Amino acid sequence: MIWNEKIECASRDEIEKIQLERLQRTVERCYNNVEHYRKKLDAAGVFPGDIKKLDDIRKIPFTVKDDLRENYPYKLFAVPMRDVVRIHASSGTTGKPTVVGYTRNDIDMWAECIARMACAAGATPDDIVQITFGYTLFTGAFGLHYGLEKLGASVIPISGGNTERQVSVMQDFGSTILVGTPSYAMYLAEVAKKMGVDTEKLPLRLGLFGGEGHTEEMRREIEKALHIIATENYGLSEVIGPGVSGECYCKNGMHICEDHFYCEIVDKDTLLPVPAGQPGEMVITSLSKEAFPILRYRTKDITWLIPEKCACGRTSMRMAKIQGRTDDMLIIRGVNVFPSQIEGVLVGIEDIGPHYEIIVRKDGYMDKIEVLVEVIDAELLDKFSALEALEKKIKHKLYTVLNIGADVRLVEPQSLKRFEGKAKRVTDLR
Ligand code: DLL
């Protein structure tokens, strides 16, 4: 089923017409109501009337995370506080958090975007949905919650943590859809197994995962461990939260809600547009948001656009899986390494589990990378030659993909950290 056929299957012309009208309104709203944008647009010599065609968006200066921090907490809001009905924030590991607001219309639009992507993934009003994102300032839980209610599903707002209880609720309440991060889904499967629960017998059938990336290899692990179809969705708090895009059941790129978000891909160094199909940094402009409109936000997420019509029938632009972030790329002895490349190698090797940790340190002047990964069978740790052979095999596979040598340390089963929200797998000690 298609939630909003008129939009999701619209022609390019129809979509671009909506986008241009809404872009013009958004630029006007920003110029008239937000001092920060007015100053930036004035400095660039761009006025709302200059946006005559979609490509004119390139005249608009970029917005970056620091702009949000400098305007903490409410200075980028484009409506009076009395019109704001919800506030979220992203924690941010450094500096001040970034704060975003929503009007009632924004909340409705958000729910619409989530309903579209959940429906595309295969969710129906008959589903029982267990939301394991934390109901906090984080946008994940509330975003999915309202959208799935709009779709008509029965939502269990269990929130994050207490994994054994999650498994019991899943059994007792008959959850059919799991919402959370992919790393939490993996952990949940592990806990279920430890509790002696046969996941094949659970009614669970579909996962709506996001908030962080996972490789195709990890997706297959999750699907196998929970006996579900695992789909992925994408978004970020600065733009709305989840709901920017999501996979349909074809699992071949995430459909963008293009009538609400205009996505560009730019070269991360030159900031010039790259052609469809080529990777670069995703830049997003909101097209209909009232409380917190955002112009050309540099997400730091690396992906590319897929313009072709999807096998599901939707014509909407898709975005490829996030390949990494411009700021999570590790430069090891001059070579660019993305943690996702390491995950792609590890998951899929027999005898080791899907949990891993990457440690980067300086050894004299040299960067050293060490990958910690759990063996499945603890007894292997006592068998020196088998252990050595396995380490060698992993090292070799890593070398062929990364083109640099990495140390591998095999550790006890269950000894690495598990995550209830987004996983943090890299420790850079340099
Ligand atoms: O993570 C919003 C969200 C919640 C999306 C739940 C989907 C589901 P932030 O905390 O602001 O918002 O983090 C946004 O997370 O820029 C990406 O780097 C990363 N991210 C989110 N979804 C994906 C994904 C939410 N599917 C940042 N694949 C983004 C890869 C993702 N990275």
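**View 1. V335 counts as partly exposed, at 26% relative accessibility.** This close-up comes from a predicted model. Leaving aside neighbours within four places in sequence, V335 contacts L330, L402 and I404.

**View 2. Four strands form an open sheet, ordered β20-β19-β18-β21.** The pairing is mixed. β20 (407-411) and β21 (426-428) are the edge strands, and each pairs on one side only. Direction ignored, neighbouring strands of this sheet are turned by 20° against each other on average. β18 covers residues 352-363 and pairs with β21 in the parallel sense. Three bridges make up that pairing. Within it, I359 stands opposite T427 of β21.

**View 3. Helix α10 lies across β18, β19 and β21.** The helix is made of residues 339-346. Its direction is at about 140° to β18. β19, one of the strands it lies across, comprises residues 366-375.

**View 4. Helices α8 and α9 pack with their axes 9 Å apart.** α8 runs over residues 182-194, and α9 over residues 216-226. The packing angle is about 35°. The crossing of α8 past α9 is left-handed. From α8, the contact draws on P182, A185, M186 and A189. From α9, it draws on M218, E221, I222, A225 and L226. Eight residues of this contact are nonpolar, one is charged and none is polar.

**View 5. E281 counts as buried, at 0% relative accessibility.** The cut-off for buried is under 20%, so E281 qualifies. Its place is in strand β11, residues 280-286. The side chains of E281 and R298 are joined by a polar contact of 2.9 Å. Leaving aside neighbours within four places in sequence, E281 also touches E264, I265, V266 and K268. T299, K300, D301 and T326 are contacts of E281 too, under the same exclusion.

**View 6. Strand β11 pairs with β10 and with β12.** Strand β10 (residues 261-266) runs antiparallel to β11, with six bridges joining the two. There, C263 has I284 of β11 as its bridge partner. Strand β12 (residues 297-303) also pairs with β11 in the antiparallel sense, over four bridges. In this second pairing, V283 is partnered by R298 of β12. Seven of the seven residues of β11 are buried, so the strand is largely enclosed by the rest of the structure.

**View 7. T63 sits in the loop between α3 and α4.** α3 spans 35-44, and α4 spans 65-70. T63 counts as buried because its relative accessibility is 1%.

**View 8. Strand β2 is largely enclosed by the rest of the structure, because five of its five residues are buried.** The strand is formed by residues 98-102. Both of its faces are covered. T98, V100 and Y102 are buried on one side. V99 and G101 are buried on the other. Strand β1 (residues 86-90) is antiparallel to β2 and joined to it by five bridges. In this pairing, S90 stands opposite T98.

**View 9. Nine strands make an open sheet with mixed pairing.** Their order is β4-β3-β5-β6-β7-β8-β9-β14-β13. The edge strands are β4 (154-156) and β13 (305-306), each pairing on one side only. Strand β3 (residues 128-131) runs parallel to β4, and three bridges join them. I128 has S154 of β4 as its bridge partner. Helix α5 (residues 104-121) lies across β6 (206-210), β7 (229-236) and β8 (241-247). The helix runs at about 30° to β8.

Key
Residues numbered from 1 in each chain as written. Predicted model: local features only at pLDDT ≥ 70, side-chain atom pairs only at ≥ 80, totals over all residues. Heavy atoms only, no water. Axes fitted to C-alpha atoms, helices over the stretch in contact; angles between N-to-C directions. Left-handed = near helix turned anticlockwise from the far one by under 90°. Contact = heavy atoms within 4.5 Å. Nonpolar A, V, L, I, M, F, W, Y, C, P; charged D, E, K, R; others polar. Buried < 20%, exposed > 50% of the residue type's maximum accessible area, 1.4 Å probe, protein only. Polar contact = N/O pair within 3.5 Å; in protein donor to acceptor, adjacent residues only side chain to side chain. Pairing = 2+ DSSP bridges.
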